[in-house]
Every structure is written in C-alpha cells, then in structure tokens.
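Q: Got a model open here. Can you walk me through a few spots in it?
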Amino acid sequence: MSCLTRASLLLLSACSFTLSAAAMPVKSATPAASVKQMLGQKLMLDLRYYCEQAPINGQCRTPMTKLPPELATLVRDYDIGGVILFAENLAGVAQTVQLNRDLQSAAAASKLKLPLFIGIDQEGGRVARLPRSLATSFAGNMAIGATYAEHGTKFATEAGKVLADELLALGINVNFAPTIDVNVNPQNPVINVRAFGENPQQVAELGNAMTSAMQQRGMIAALKHFPGHGDTEVDSHLGLPRVEHSSEQIRQVDLYPFAHIIKQQTPGMIMTAHIQFPALDSSTFVSKNGEEMLKPATLSRTILHDVLRQEMGYKGVIVTDALDMAGISKFFTHTEAVVQTFAAGADIALMPVKLQHPSELTALAALLNELEAAVNKGAIAKTELAESYQRIVALKQQYPLLPAVKSAAEQTKLAGKLLGSAAHRQSELALAKAAITQVKPASSYWPFKLSDTKKLLLIMPDQTKAKALAAALQHYSKDHFVIDSISLQQTDLSKASAQISAADLVISGFIAPMQSLADIGGMDDLTGIANIAAAYERQSLQFETLLPQITAKKKPHVFLSMRAPYDISRYGQYADVVLASYAYNTSEQPTAMGAGNAVYEALAQALLGQYRLTGKLPVTVSGY
C-alpha cells in the first residue's frame, strides 16, 4: 500500500506514515541567513503564560491559549525556530489546532519562512500535558517496562504510534520523549516511573521501539536526558545534581540506551541534562555568585561535542533541557547560559528567556543582540553556528511539520475523531492491565476474593482517586459493593478506626515519591512546591497512622503502589496482597469509563480477578 497522506493519517492512525527515503519531503536548499537569523532558529520559546499588562504583584498566571499579535510579531521578526507548549496552552481540540496554525502562520511570515518546531512533554504517565479526558496518555514508561517480560516491545511501539498520531493531528511536531534514563536510584525524585526500568539493555530496546514508532509516523522524538538522569537524588529543577559514576559505569549504564538508539536510527533530537558528570568532564566554571563549580552536561563541550558527537557519532539536533531550571539559572545569567551551551555544541536553547508580558518582550531582542556580539567576539564559532543552523534546517525539511489539510475546521474535525478514539483507549487500557504487577504473594494465589465481601474501605491519596477506583469497581463487578473511603488529605481521622472496623476488606493506595516540578509543568510552579511537600508529608504521616490499625483489626488488606514501587518495601508488610500499577493519574472526569482513567479500570479488573496478572517489576524492590 502506498504511503498515506497526512490527512488520511489523521483518520486512519493504524496505518503507518513511514519516513522512508521515498516518503520524506524533498529537501530544498538551506535558506541563506544572517548571524542573527541563525541564532533565532536556535531558540525555542516558552509561551505558557501571557498577560496584556505586567502583573502588579507576583508572576503572570494567565494561560496563553490564543496567540497575541505582539508574540506573533516576535516569532516573525526574529525568525524564531520553535516553541514549547504546556497544559495551560491546551484547552481543547479546536483551540489547540488554531493556536498552532497561528504560530506557524507567524513563522511563515518571517524572512526565512521556516516552519516552527512546536514541542511538548507528552511522555505518558505522570508527564502528560494534554487533558487526559481528551487525549490518550497511557500509563507511562515504567508501566511499559513492567510488560517487557511478557510482551517485549509491543507496548512501547503502540504508545509511540498513538502519541505521535494524536500530537501531529493537533499540529504538534516534536515530542520531548522518550525518557531513556536508567533509574538505578530508588531515591530519584524526578525520574523514577518516567524510566522504563533499571536494566540498560531493556531501557535501550523499549526506548528504541518508541523512538522508531514516533518517527515513522512523522513525529520528531527527543531522547532525554543526556548523558543520563537515572542516578540522582536532586531534582535539576531545584538544584544541580552530580553523578559520581566511573567512566566505565557511565558507558555501561547511563550512555548505553543513547548509544544503542543512535546506532539503530537517527533520533531527531537529544535533550541535555543539567547534571555534573566529573568522570566525563571535571572542568570548572565560576558561577554568577563567584563560586567555582563543575560544568553540568548542558554546558560541557567535552560531553556534548567530544562524547555525543565524536565518540557516539550523533549527527542530529541537540536541544537543552529548560534553561530556566535552577540547575542552570541559579548559576548563570540568561545570556551566559545560552552562550556557553551553544559554545559547548547545543543546537537549540529551550526556554532561554521569559516573555510573559509586554515589558518583558524586549528581553528577546537583547538576548539576540548579546548572542550576536558573542559570535563576533568568537565566543561562539561562526563555522559551528552555520553547521548548527544547517542541522536545524535539515531536520525541519526531513519531517512534515505543517498539517496537510488546508483549513482549521477540517483539521479540527479530523483531530476530534482521532484523539482519544475507541481504538486508542483500548490500547491505553491494554497497557494498564498488562502492567499491573502482583508483588505479594509471590504466587498467583490470593487469600481472599472481592466477590466474598460486601463492605469495602478505600484509603486513597485523595477523594478523586477514591472515586475513580470505586466507580471502576462498581462498573466491572457483577455484585454491588458498599464502598466507604478515607482521603489521606483529610485532617480529621477521628472516624477512621470505626470505618476500618466496619469494613470487610481494606484497599489502600499510596503515591511515592511526591510530585516533582516535571509532573506539574516546570519552574513556573516553583511557588507551589512547598505546599506540595507539606501535603505529601501530611499524607505520609496519615497513612502510617492508619496501616497498623488495619493490621490490629485483622482486616484483609490490599496495598496498591501507585507510582514508584520502591514504597512496597515500606508499606507492603501491612498487606496480604500488594499490587503495583506504576500510574495513578485520573482524567478530568474521574468516574468515567474509557475516558482517561485506564489505570483504575485495570486495577478494578485485577482486584476482581478478571484477568491474569503478567506484569513484572522492572526495578529492584528491597525485600521482594
């Protein structure tokens, strides 16, 4: 069968848009560009919030869902190369389609007329920016890792295809995924379930399958976080992590998935990590506060040029992680960070400057002027600038960045049929079910059946998750349950003892570790992280108060580990049955079936014994 048109792809996502040599867009000559225009192509802007006037107190918190004329002018006049979208930008199908078309129209009006990279963090699982009731988000990478023993790369491929098709339908052409960090540290606050697991070979195979699936559909994949974020205990949003692995260990573990995928194909992009790797580069810099420090990978020429380009042979586009993260912004000015990462070999600076209200817009012109001055002084080599620009243009010419359909109305109609379609929701549920792992007891034996009970008590992180599980249990059960619930967010537990006593069976669930800024959206959420930390601490104390009561009252008890399964070592002792789901997110309508609550549907069916549990722990859990 001949390769489908993009319009057909939106209707028939099961058909593969394979980027074979014959199917690739015909390359045109690289447009001649000035130094400043080339620099503009190397910037990828954050347009998450925009206020028409500068906020009197605090930061702007008005979501940018419609492109203001002044931002369109910036994209046009400075030949900007790309933008990144967040959940706040995405209010619905028609709105998202129109926003992306307006962004591309602004780029088309520029002198270079190069289309924009429009990127997003749609990893699946806990990092998904599109509304879960609207788009298919899947259970995430560690859930996929849990299916590997039984299903190999099946679900990595399927998730890659669906994510690509749905994003492309909306006009989004870069997905900052897959995460191919090897999570070897149970205390990792920011990666954990975003990783496929702890085995480098398994991570490499699953990452390769997802990358291949996305790029064959026409979506640019961005592997992250090079050279590896899997053994950190500091969130690079909040500080500067340091990995003390030996050079040999780095190559056998951290770099292995990147090297494997680069050999198999050409990933469109690779994203850098704001992490120090002294075994790879022990050179130092002086921070803006006068402190001498080791260079992080994002700013290390040894790591980006010598290791990634020369040693590993990567020829694609290197994009930084967000430059507003504290791992960079705490130690460098905006301009210093961009100059140094470009000098190190990065092609694209992600989120280099804030543009959230009119008085901030001059910061972009100032940045470009300073970057141009850095080129003229030799701090950024002109030859390397030209080579970087050529890589960016080549990638833009290789992939179909613009929708094939002519009108926004037609694109919206096609996208509406595709996003969250019945077939995609079936795949989402299939992954969630295949991932559920019975950790305790070790055999398939269960000491009780839910069908023998009438009164269930759900102890869950919040009422939304309790509602989602209760609705799924009632939906899939032939029998009617009387379901009571305790939210770990509630402050009054005076009735908890009586609730436990009245239950025939207790089902408890916990989410560990606490949410990171990557889950929420980024550095603009920093003001709320203290509240999240306090709430998490309170939930932990509440949970640890209730667990011994369940044991003391000799109630049958199922514990659900709903994020990283490492918490089973802490809480599994209190339960007769322990299940790991690796995911916990609900959609905007938590009680709906087939609309973004797949993990709860999978858990309900597992608890009811309606299918064989085949998931396997993809990481080591102490004691299990």
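Q: How many residues has helix α17, and what is its reach from first C-alpha to last?
A: Helix α17 (463-476) has 14 residues and reaches 20 Å, close to the 20 Å expected at 1.5 Å a residue. The expected span is 1.5 Å times one less than the number of residues. This is a predicted model: local features need pLDDT of at least 70, side-chain atom pairs pLDDT 80 or more, while totals for chains, interfaces and linings use all residues. Numbering runs from 1 along each chain as its sequence is written, and side-chain values use heavy atoms, without hydrogens and water.

Q: Which residues of α17 are buried?
A: Among them are Lys465, Leu469, Leu473 and Tyr476. Buried means under 20% relative accessible area, with a 1.4 Å probe and protein chains only.

Q: What covers them?
A: The cover includes α16 (422-435), β14 (455-460) and α22 (598-607). Helices are DSSP runs of H or I, at least four residues; strands are E, at least two.

Q: New topic. In what order do the eight strands of the open sheet run?
A: The order is β11-β8-β7-β6-β3-β2-β1-β12, with parallel pairing. β11 (317-319) and β12 (349-350) each have a single partner strand, so one side of each lacks a neighbour in the sheet. Pairing takes at least two DSSP bridges.

Q: Ser137: buried or exposed?
A: Ser137 is buried, at 2% relative accessibility.

Q: Where is Ser137 found?
A: Ser137 sits in the loop between β5 (127-128) and α5 (141-151).

Q: Which residues is Ser137 in contact with, beyond four places in sequence?
A: They include Gln122, Arg132 and Glu428. Contact means heavy atoms within 4.5 Å.

Terms used
Buried means under 20% relative accessible area, exposed over 50%, partly exposed in between (1.4 Å probe, protein chains only).
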